[in-house]
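Please read the points below with the model open.

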Amino acid sequence: MSQEKELDMTDRDPNQLNAHVKVQFEDVLAEPDGAHSIDCVWRCSYMCFNCGKNCCYKLMTTLCGLFIALYWGCEFAFITFDQVWCITPGLRIFSIYMGCAQKFFGTCVTCFLAPICETCGLMFSNINVKNQ
């Protein structure tokens, strides 16, 4: 039986799946030059933003994260089962039958069209064009 890989509790997105998700204060709120709020408002906004984001995210993951992870685990198990036990064998049998059909139709084309094409080639090979 394979060993479970130990979780990296620091880097939880090692494959950068969510690199596009920008949720830091600096990624969401920014004041351009010439339009700055009072420094204490900016600092308090920073703290409120982070507190709200962290509290809500932790609450939602605590209430829903386990169930959502279970759902997605089951969903990917169903996809894997479908691929391994249904789709791949179906594709294999389709490939076998299409290989036979390809040989059959290839033989038919060779038997019926090859003599016609050869005859046309012989007829047109005797044409001579002379420029004066």
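**Notes on the predicted model**

1. I68, Y71, W72, F76 and I79 form a nonpolar surface patch of about 530 Å². Patch members have over 30% relative accessible area and no salt bridge, with like charges joined within 9 Å and nonpolar side chains (Val, Leu, Ile, Met, Phe, Trp, Tyr) within 5 Å. A salt bridge puts a side-chain nitrogen of Lys or Arg within 4 Å of a carboxyl oxygen of Asp or Glu. Areas are Shrake-Rupley values with a 1.4 Å probe, and for residues only the protein chains shown count as cover.

2. This is a predicted model, in which local features need pLDDT of at least 70 and side-chain atom pairs count only at pLDDT 80 or more, while totals for chains, interfaces and linings use all residues. Residues are numbered from 1 along each chain as its sequence is written, and side-chain values use heavy atoms, leaving out hydrogens and water.

3. W72 lies in helix α2, residues 39-125. Helices (H or I, at least four residues) are DSSP runs, numbered from the N terminus. W72 counts as partly exposed because its relative accessibility is 44%; the class lies between buried (under 20%) and exposed (over 50%), with a 1.4 Å probe and protein chains only.

4. D82 is also in helix α2 and is partly exposed at 34%. Its C-alpha lies 31 Å from that of M60, 22 residues away in sequence.

5. The largest pocket holds about 1,000 Å³. Of its 23 lining residues, D11, R12, D13, N18 and Y57 are the closest to its centre. A pocket is an open set of points on a 1 Å grid over the protein atoms alone, where a 1.4 Å probe fits, with protein on both sides within 12 Å along at least five of seven lines; lining residues have an atom within 4 Å of a point.

6. The lining of the largest pocket has 10 charged, eight nonpolar and five polar residues. Helix α2 contributes the most, five residues.

7. Q16 sits in the segment before α1 and is exposed at 51%. Its phi is positive, near 55 degrees. Most residues other than glycine have a negative phi.

8. P32 is in the loop between α1 (25-28) and α2, and is exposed at 52%.

Note on methods
Helices (H or I, at least four residues) and strands (E, at least two) are DSSP runs, numbered from the N terminus. Grid points are joined across faces, edges and corners, and a volume is the space filled by probe spheres set on the points. Ala, Val, Leu, Ile, Met, Phe, Trp, Tyr, Cys and Pro count as nonpolar, Asp, Glu, Lys and Arg as charged, and the others, Gly among them, as polar.
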